Amino acid sequence: MSGTRTFPPVQRFLQERYDEIADALAGPGFIILDNIFPATLTRDLVALIGSREDQLKRAGIGREGDYQLNDSVRGDAIQWLEAEDVTVTEFLSAMDKLRQALNERLYIGLSDYEAHFASYAPGAFYKKHRDAFRGKPGRKLSSVFYLNPDWDLTAGGELVLYDEAEEQELVRVAPECGRLILFLSEDFPHEVLPARYPRQSIAGWFRVKP
Ligand code: OGA
Ligand code: MN
């Protein structure tokens, strides 16, 4: 008899991939994970951002005093996640378990996670930027979870990660539903390319305390 084979492959969700994620963050510093949550949770998050579309507010750049809307830099509309809804709570709780798992494996002292829904209208983009600057407390690990069922791979809207020197493109990530990308916030300048269709996601950041 031939060896046993599992087919189709068993779905491995986030909580079964902590070691792999920690290794990747220690290694290249980023990882792309597909179908990382049960289909029901992903589907409920897609429905939720759909129902919130008219509550999202144009995102700004800068902090407090110098906060400004700037169409030439970013064109997304956002709403911060609050644990007021079972679906959001389930998502936040999964990300919090990931936070603890990474702390145990990498000793990086992630203290909390903040995240917002983001919606880019057709043609909207987010120019090359960094989520954090080296040596400053705050955002350490960036996450983006994509919520676009049946995404057309010719539609644009990729996330592009660059090397530290901003000279070389490292990877292009299509915003396909159920896909999660994690990358070290200080190490990868990145941009969102414009798309022909609306592009939705949850962008989030694991932070360290000052
Ligand atoms: C951000 C960001 C990437 C994406 O919100 O800071 O870089 O793919 N988002 O949506
Ligand atoms: Mn960013």
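Modeller: A polar contact is a pair of N or O atoms within 3.5 Å; within protein, one must be able to donate a hydrogen and the other to accept it, and residues adjacent in sequence count only if both atoms are side-chain atoms. Here an oxygen atom of ligand 1 is 2.6 Å from an N or O atom in the side chain of Y146, while the corresponding distance is 2.8 Å for R199 and 2.9 Å for H190. This is a predicted model, in which local features need pLDDT of at least 70 and side-chain atom pairs count only at pLDDT 80 or more, whereas totals for chains, interfaces and linings use all residues. Residues are numbered from 1 along each chain as its sequence is written, chains are lettered from A and ligands numbered from 1 in the order in which they are written, and side-chain values use heavy atoms, with hydrogens and water left out.

Biologist: Which residues coordinate the manganese ion?

Modeller: Donors are N, O and S atoms within 2.8 Å of the metal (3.2 Å for Na, K and Ca), and water is not among the atoms, so sites may look incomplete. For ligand 2, the manganese ion, they come from H129 (NE2), D131 (OD) and H190 (NE2), at 2.1 to 2.2 Å. H129 in strand β5 and H190 in strand β10 are 61 residues apart and link distant parts of the chain. Both H129 and H190 are buried (under 20% relative accessible area; exposed is over 50%, partly exposed in between; 1.4 Å probe, protein chains only).

Biologist: Why does R139 count as buried?

Modeller: R139 counts as buried because its relative accessibility is 16%. Its side chain makes a polar contact of 2.9 Å with the side chain of E114.

Biologist: Which strands does β7 pair with?

Modeller: Two strands pair if DSSP finds at least two bridges between them. β7 runs antiparallel to β8, with 4 bridges, and antiparallel to β10, with 3 bridges. L161 stands opposite V171 in β8, and L159 stands opposite V192 in β10.

Note on methods
Helices (H or I, at least four residues) and strands (E, at least two) are DSSP runs, numbered from the N terminus.
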